[in-house]
Amino acid sequence: DVRLSNIIFGGRLFGFKLRVENPQGYDLAHASGWRIFTVDSNDFLVDGTPSTVPFTSGDANSWGVYSSRTLSVFIRVPPDDMKPFAMTNTRSRITVLLQDIPAGRSGWMRFTAPEGYIWDFTDAEFVYDPASAGTTTNAMPVAAPLPRDGGGKLIFRPMTFAAFQTYAFTALARVPDRAPTSATNSFFFELGFNASANDARRAAAVVPAPPVRALKNAAVDYTTTILSKENTVQFTIETITTIPENGGVEITAPEGFVFDGNCEAIRALNPSVGPPPPVTCSSFVDPRRGPLGKPVVTLRAGPGGLPPGKYSFGIIVENPPKTLINYATTDTECGTFICWLYETFTFLSTPTARAVGPLDYGTSARGFSIKDKMLEAQIPFLTEEQRRATGRDDRPMQPNSMIFAFKLDRDSRASGDLLLRGPHGFEFAEECLPGVAVSEGTVFGLGNRFPPEYAVWPPGVTVTDCRGKGADARLTLRMSQGAFLEGSGATGTALSYGALYLFRIAVTTNPLITPSVNRWLIELGSESSEAIEGFQLWAFTRTNVEPVTTARERTLAGEVRTQNPLRISLRPFNSLAAGGEL
């Protein structure tokens, strides 16, 4: 059993890895006995697999053990051949070396490529002679595998192998656009894969596949979504291929964003990531991209280039002057209407010339909506009595309970999500609904009424769900039809414009130190708040311990030891009355 500490959301793809001890031999039940079920906290079944979990996509059976583990398989692919077929329109050469293969009859053999690979060659194009790898001593006993079905499996007839020999073959395949993320990114070679007797299942091996030359882990984040506002957009991208000097990364932004011509890649807001890459940033609007042209940001590598790796950085940009709602769609690669495109090249674009020498296959990241500004948003000041009643605790790494207020510029009539975004380091519970309060009798603590400047939530507006992820919390608001809303005097509306509404939400843990960028945001419908200044954690700042000397103690035994005064300095956040202790 695997007991969950977080939510498994329906409709999403999940994976995990378990280490097991294999049985002594093969049993027919191995091919059909693998099942996965989910149960709730009361151990009642919820979902399950209708049949055995397949070994790979398209298989009817699962997997089983083999009698030998001596087989060694090596995969050789030229670096340029790991570019996706969609990028080059050229098939890739994959050479397979087989060493320490058990002597004698092999049984039927199966060679399986990772999910997404397609074997694409004629029998005449299949290379099985010793020269195909340069180090083989014997040719493959059979000239070619069975006819291919347009997938990633090669089936070979039984062969007779000699002892202490190395065999090899080379076949052509179409490399997928991306390395698989829903299956193992490895090659499998099996001797006697369809046999039921343990001795007939001769051997098997698994080999990790070389990385597909395609950009991955692309992401875009923001500090504000308000139209025409200055925004520090956060970029993340992982490259596979070394970028040479004067090559670099190109980012194509959606229409309407305005970058400085001599932009700068600055440190990302997330303190857990490293410094920005050593690049020169510039931008221009390319009229050839889209009907109105699109902004293009180029990040040019300096001497030494950029090694493969994951890079995070920020760039200051001005948001478009018009509202733009991002929504899910299957018509774009990123899965939403607004996408940011990443590409890498040997030579970057200029206002008059397109980039040349693509290095990794491009990818795109989901964008964000551009919204109108809320009238107001704040973290209300609390009295000491209110802090105690609500569980407010601003000490580092402690649970907290925070109250927020917001005022809309127009009535919000439709059910939807309210998004609360906090500074890096704050953590919300994944299931955060139990920590949410909106009623007048609970927000400021039991029995405490709202101050007169705040509006009571209409009875037809309820928070039905809350999902936390890191420093973000998404509250689902349900608007009951016919609810009367204060201020608008209308029915069927929800939250009224001009009314200052409150809600309280539990924070699982505060950060260890006050975030350097200490701002909160609230988004609801087509409106977003200005940045809300956060609070200072109750912690020392400017701490320092300075010794007179750091030399090693050399006083003889029995003598008076050398004194080393320490100068300790600190700045406390709260005042401490006489009688307290340090």
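Predicted model: local features only at pLDDT ≥ 70, side-chain atom pairs only at ≥ 80, totals over all residues.
**View 1. Where S7 meets S10.** S7 and strand S10 (residues 167-174) run antiparallel and are joined by 2 bridges. Which residue of S10 is the bridge partner of Ile 118? It is Arg 174.

**View 2. The largest nonpolar core and Trp 119.** This core has 38 residues, and the members that touch the most others are Phe 111 and Trp 119. Two or more residues come from each of S3, S4, strand S6 (109-112), strand S8 (153-156), S10, S11 and strand S12 (203-208). S10 gives the most, with 5 residues. Looking at Trp 119 and setting aside neighbours within four places in sequence, we find contacts with Phe 111 and Phe 187, and also with Ile 94, Leu 154 and Leu 172, among others. The contacts of Trp 119 also include Arg 148 and Lys 153, as well as Gly 151 and Gly 152.

View 3. Pro 176 counts as buried because its relative accessibility is 10%, under the 20% cut-off. Beyond its neighbours within four places in sequence, Pro 176 is in contact with Pro 84, Glu 115, Gly 116, Tyr 117 and Val 212. For a sense of scale, Thr 52 is 124 residues from Pro 176 in sequence, and their C-alpha atoms are 27 Å apart.

View 4. Most residues other than glycine have a negative phi. Here, Asn 89 has a positive phi of about 60 degrees, and Asp 100 has one of about 55 degrees. Asn 89 sits in the loop between helix H1 (85-88) and strand S4 (92-99), while Asp 100 belongs to the loop between S4 and strand S5 (104-105). Is each one exposed or partly exposed? Asn 89 has 60% relative accessibility, so it counts as exposed. Asp 100 has 49%, so it counts as partly exposed.

Terms used: Residues numbered from 1 in each chain as written. Heavy atoms only, no water. Helix = DSSP H or I, 4+ residues; strand = E, 2+ residues; numbered from the N terminus. Buried < 20%, exposed > 50% of the residue type's maximum accessible area, 1.4 Å probe, protein only. Pairing = 2+ DSSP bridges. Contact = heavy atoms within 4.5 Å. Core = buried A, V, L, I, M, F, W, Y, C linked by side-chain atoms within 4.5 Å.
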